[in-house]
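Me: Please take me through the aromatic contacts in this structure, and state the cut-offs behind each term as you go.

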Amino acid sequence: MDMPGQYPAERKRRLDELFDAFSIIGDDTYVYLCDMRYDISRWSRTLVESYGLPGEYMHAAGEIWEEYVHPEDRKAYHEGIDAIFNGKASDHDIQYRAKRTDGEYDVCTCRGIVISDQDGQPEYFGGAIRNHSKQSHIDTLTGLRNQYGFFEDIMSHIKNNTPMRVCVLGIGKLSEINEVHGYGAGNIVIQHFGRYLMDHIGNRGGTYRLDGGKFAVISETLTYDELKNAYEALRAYFRGGLSVEDAFIALELNAGTLYIDDFNTDEQTVYSCLNFAYDDSKIRKHGDLVEFQNKLTSDNKARVEKLHAIRTSVNHGFDGFYLLYQPVVDAQTEKLIGAEALLRFKNEKYGMVPPDAFIPFLEMDPVFPKLGEWILRTAISGAKAIQSVLPDFQINVNLSYSQMEKADFTDTVWNIVKSLGFPPEKLCLEVTERCRLLDMDLLKNETTNLRAGGIRLALDDFGTGFSSVGLLKSLPFDTIKVDRGFVQKIEEDEQERKLVNNFIDVAKVFDADVCVEGIETAGMRDILKSFGIHSFQGYYYSKPIELESILERLRTSAGALCFRK
Ligand code: C2E
Ligand code: CA
Ligand code: CA
């Protein structure tokens, strides 16, 4: 609005000054200030825009705003404002719903105080309106921008075609620090780390706290070498230890980075790639900085673009995803007893994309659990069709550790199994040793719950990680699947034969069956058959094939012997 003629310029200057002082309060809090003598107010521009108020400067703003307050909350609002203007109250703290331009209501808390003049007469009424529906962009512990701010800043770089280097870095074993030294000490470590990071790397861009001990930096100028040097210095500093309360705490760090100068992507894909590099740093590189796909940049771009297309499909009816089924046969009779569902992606631009090219990158993506549900539902539906011909048919479905991390994971599995009326003992969930990244208590609860209802559990790629046996000790597996890497040369290699025999002994200790993957020749089959293995899977019997092909073979050839060579 135009300033009313009778509002003196001097008063306006003062109003603006005070308003600026109030505005320092900051992020996601709207500020208002009313000069009570003239009933002229100034309100935050963001609030004016979100709710469609007449302008930043308003006369009788209290009455104007009342129109936006939910009818049920209006009486309380009105009384509160009246009390302020009648001099009956000197502060104000009320919650109400306010209507946005799109007609939806936000829940807001409005707090304010009266500032009096030298004579004790009310002069200004000012305060803040906090919108609870809006996610805050500031992390309260460190004062840094948080995950929402991080995503927003990546999006705006992408939108403005501004190249950036993004780095996700974090404190390893934060939960251990919390357990041993207490949450208070953990918080001090986080604060100290955030501060130091901002001063030593983040000063070249923005610093963010994502969650837990994970932080990020976005910079438009930092090169890979500069980042690497700065990160090494940071590592050395924190390895030297921090004095926190009475304790001395040394920190181990992990970091992943990605350079983006192609904008045909979105913030979630960027984050998935970063998480992949970060996990790689943590699991395989002992904390060294890992650049996402440390290859040619053009390669890099193509990869990110492809991943983006794939993740987008999840939200577009899983378009392009389908399952193939690889038969599993009884090792003695060589009859078909089940199959493993294996995910594929195919579209016109990229052709068929094997799962290894996208699952490891999307595992950490928030869309992955949704894809996981689709896989489970589709695989079980497929298995039901096969069971109509072969009632004892078992379906194996691969899980990613990130699916198991979700609080509703077991409920989701049970809902799917029940809604499809599938016999739980014919479903086997395969997990890999990567699940040890999760909280063991959580995993124990989940696996116990699933097995109590009859669902089977397999430990996939046994022997490829470094804590296979440890995991068998902690979790109840029905089957261990021996990776094909251990049997490739079994016909000529005495050592491989010994190793596989050892695996069989280990499985016996834990009362588990053994399934050997990657059977490619009759020779491999003969040797392994004599070892007393439970089941086989491999190209010798069949590559992963369409559901229809399995059904077709079951119908037209010798029943369950259809894959015997
Ligand atoms: P995996 O679970 O170990 O699956 C077995 C892989 O070995 C499959 O590759 C299969 O095609 C291949 N294979 C089987 N027999 C032979 C053989 O005789 N010779 C050779 N050379 N290879 C054989 P695929 O389908 O490319 O899957 C790769 C990995 O992707 C899987 O390894 C699994 O870790 C992951 N994956 C596949 N589908 C899913 C899924 O639905 N969910 C999740 N979370 N992961 C999946
Ligand atoms: Ca598997
Ligand atoms: Ca496997």
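Reply: Rings of Phe, Tyr and Trp (its six-membered ring) are taken to pair if their centres lie within 6.5 Å, and the planes count as stacked under 30 degrees apart, as edge-to-face over 60 and as tilted for the rest. The model is predicted, so that local features need pLDDT of at least 70 and side-chain atom pairs pLDDT 80 or more, while totals for chains, interfaces and linings use all residues. Residues are numbered from 1 along each chain as its sequence is written, and side-chain values use heavy atoms, with hydrogens and water left out.

Me: Which residues do ring pairs link into a cluster?
Reply: A search of the whole structure finds 31 aromatic pairs. The cluster that ring pairs link consists of Tyr30, Tyr32, Trp43, Tyr51, Trp65, Tyr68, Tyr77, Phe85, Tyr96 and Phe125.

Me: Is the pair of Trp43 and Trp65 stacked or edge-to-face?
Reply: The ring centres of Trp43 and Trp65 are 5.4 Å apart. Their planes stand at 65 degrees, so the pair is edge-to-face.

Me: Is Trp65 buried or exposed?
Reply: Buried means under 20% relative accessible area, exposed means over 50%, and partly exposed lies in between, with a 1.4 Å probe and protein chains only. Trp65 has a relative accessible area of 1%, and therefore counts as buried.

Me: What is the distance of Lys214 from the ring centre of Tyr278?
Reply: A charge sits over a ring if NZ of Lys or CZ of Arg is within 6 Å of the ring centre and within 35 degrees of the ring normal. Lys214 lies over the face of Tyr278, and its distance from the ring centre is 4.6 Å.

How values were computed. Chains are lettered from A and ligands numbered from 1 in the order in which they are written.
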